[in-house]
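Biologist: Can you take me through this model? I'd like to start with the terms and then go chain by chain.
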Amino acid sequence: MACVEDLNKEIVLSGASFKEAREYVEAHCTEIYYVNPGFRLFEKHMIGIPPIAIGLEGDMILFPFTKPCYGTFLIRAEHAEEAARLRSLGLKTTKDKK
Amino acid sequence: MTEDVNKQEHATLFLGCPEVPVQMGISLYLSHMLRKSGRQVTIAANPSVIKLARVADPERHYMDKMIDLDRCIGDIAEKKRSTDMAILFAHNDAGITYAATVRYLHPGRLVLVLFGRHAEELVSSVDFPCEMIVEKAVHDPVGLKKKLDEVFQWPA
C-alpha cells in the first residue's frame, strides 16, 4: 500500500475550500464513492466534512487532502490496488446519496 | 480515556496552522487553566505548533502531552484514543474541515474557537453541532480570553 506522500500524483486543486474540492469531484467524475471522516485511504485517515466524495476514473483516484496551513488539495493518483479496494467495500455511491 | 488511569476529565486542544499569532498565546493560557482546574490536557497540533510550544514552554509547565494532529485524529478514528472534551481552534476553511472531522469522530463536548480576521465569515460554514466562541482576534488575545473565561467559569 502506498502512502499519500509517496504517490505519483497530480494536484488538481490547491488552496481550495473543502466544499470546492467536493464539488469538483461531483462535477467531473461519473464514479463517486462517499466516505466519512477517518476513512483510511492510502494509509491516512481522511480529514473532511462528511460526506467526503472520492472519484474514480479507471485506476485513477481523485480525493481531497487537507493540511492545516495550506487548505484542501484535490489529488489525482493512479493506484489499481486502492481503486479496486474502494470498489469492493460497498461504499455509498452518488445514486445512494441522491 | 484509554490513556488515563484515573477519573480526571480529559480535554484535547486541536491546534492548526500557527500563522495567526493569537493562537499560541491563548492555547498556552487555555491549557494552563484547564490543568489548573483539574483536567488532564493533550495538545494535538501540527509540527510547527509543537515546536513553538516546546520553545515557549521548555519545562512543560503549560503544555505537557503533545501529539501530532493527524495521528491524534487517526487514533480517535481507530478507537485507540478518546477524550471527554475537544476544543478546536480554527481560523480558515482547513480548520473548519478538521473540526467537522473531530465532530464526526468525537461524540462528546466540542468547543470550536473561531478566531482571526475572518472569524465571523467562518460561522456560516459550521453546520455541525458544537459550542462556538467567535472573536476577530489576530494579535490581541484579551477578547478571546474573556470569552473562554465565560465559557469555562474557572473555579476561584
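Modeller: A term first: helices (H or I, at least four residues) and strands (E, at least two) are DSSP runs, numbered from the N terminus. Note also that this is a predicted model.

Biologist: Fine. Which loop of chain A does Pro51(A) lie in?
Modeller: Pro51(A) sits in the loop that links strand S4 (44-45) to strand S5 (52-57) of chain A.

Biologist: And what kind of peptide bond joins Pro50(A) and Pro51(A)?
Modeller: A cis one, with omega at about -5°.

Biologist: Step back a bit. How many helices and strands does chain A come to?
Modeller: Chain A has 3 helices and 8 strands. Read from the N terminus, the order of its elements is β-α-β-β-β-β-β-β-α-β-α. The radius of gyration of chain A is 12 Å, close to the 13 Å that the globule rule gives for 98 residues, so chain A is as compact as a globular protein of that length.

Biologist: What box do the C-alpha atoms of chain A fill?
Modeller: Roughly 35 × 30 × 25 Å along the principal axes.

Biologist: What share of chain A is buried?
Modeller: Buried residues account for 36% of the 98 residues in chain A. As for contacts in chain A between residues at least 6 apart in sequence, 56% of them join residues at least 24 apart.

Biologist: Now the interface. How many residues of chain B are in contact with chain A?
Modeller: 18 residues of chain B, and they touch 16 residues of chain A. On the chain B side, the elements giving two or more residues are helix H3 (69-77) and helix H4 (93-105).

Biologist: Which of them gives the most?
Modeller: H4(B), with 9 residues. By type, the chain B side divides into 9 nonpolar, 7 polar and 2 charged residues.

Biologist: Over to the sheet in chain B. What is the strand order?
Modeller: The order is S3-S2-S1-S4-S5-S6 in chain B, an open sheet of 6 strands with parallel pairing. S3 and strand S6 (131-134) of chain B are at the edges with a single partner strand each, so one side of each has no neighbour in the sheet. On average, neighbouring strands of this sheet are turned by 20° against each other, direction ignored.

Biologist: How many bridges join S2 to S3(B)?
Modeller: There are 4 bridges between strand S2 (residues 40-45) of chain B and S3(B), and the two run parallel. For a specific pair, Thr42(B) has Lys65(B) in S3(B) as its bridge partner.

Biologist: Back to H3(B) for a moment. Which strands does it lie across?
Modeller: H3(B) lies across strand S1 (10-15), S2 and S3 of chain B, and runs at about 90° to S3(B).

Biologist: Last topic, backbone angles. What is phi of Arg60(B)?
Modeller: Near 55°, which is positive in a residue other than glycine. Arg60(B) is in the loop between helix H2 (47-56) and strand S3 (65-68) of chain B.

Biologist: Buried or exposed, Arg60(B)?
Modeller: Exposed, because Arg60(B) has 12 C-beta neighbours inside 10 Å, and a residue counts as exposed at 12 or fewer.

Biologist: And what is phi of Lys79(B)?
Modeller: Near 65°, a positive value in a residue other than glycine. The loop holding Lys79(B) runs between H3 and strand S4 (85-90) of chain B. Lys79(B) has 9 C-beta neighbours inside 10 Å, so Lys79(B) counts as exposed.

Note on methods
Residues are numbered from 1 along each chain as its sequence is written. Chains are lettered from A and ligands numbered from 1 in the order in which they are written. This is a predicted model: local features need pLDDT of at least 70, side-chain atom pairs count only at pLDDT 80 or more; totals for chains, interfaces and linings use all residues. The radius of gyration is taken over C-alpha atoms; the globule rule is 2.2 Å times the number of residues to the power 0.38. A residue is buried if 20 or more other C-beta atoms lie within 10 Å of its own, exposed if 12 or fewer, and partly exposed in between; C-beta atoms are placed from the backbone. Two residues are in contact if their C-beta atoms, placed from the backbone, lie within 7 Å. Ala, Val, Leu, Ile, Met, Phe, Trp, Tyr, Cys and Pro count as nonpolar, Asp, Glu, Lys and Arg as charged, and the others, Gly among them, as polar. Two strands pair if DSSP finds at least two bridges between them. Axes are lines fitted to C-alpha atoms, for helices over the stretch in contact, and angles run from 0 to 180 degrees between N-to-C directions.
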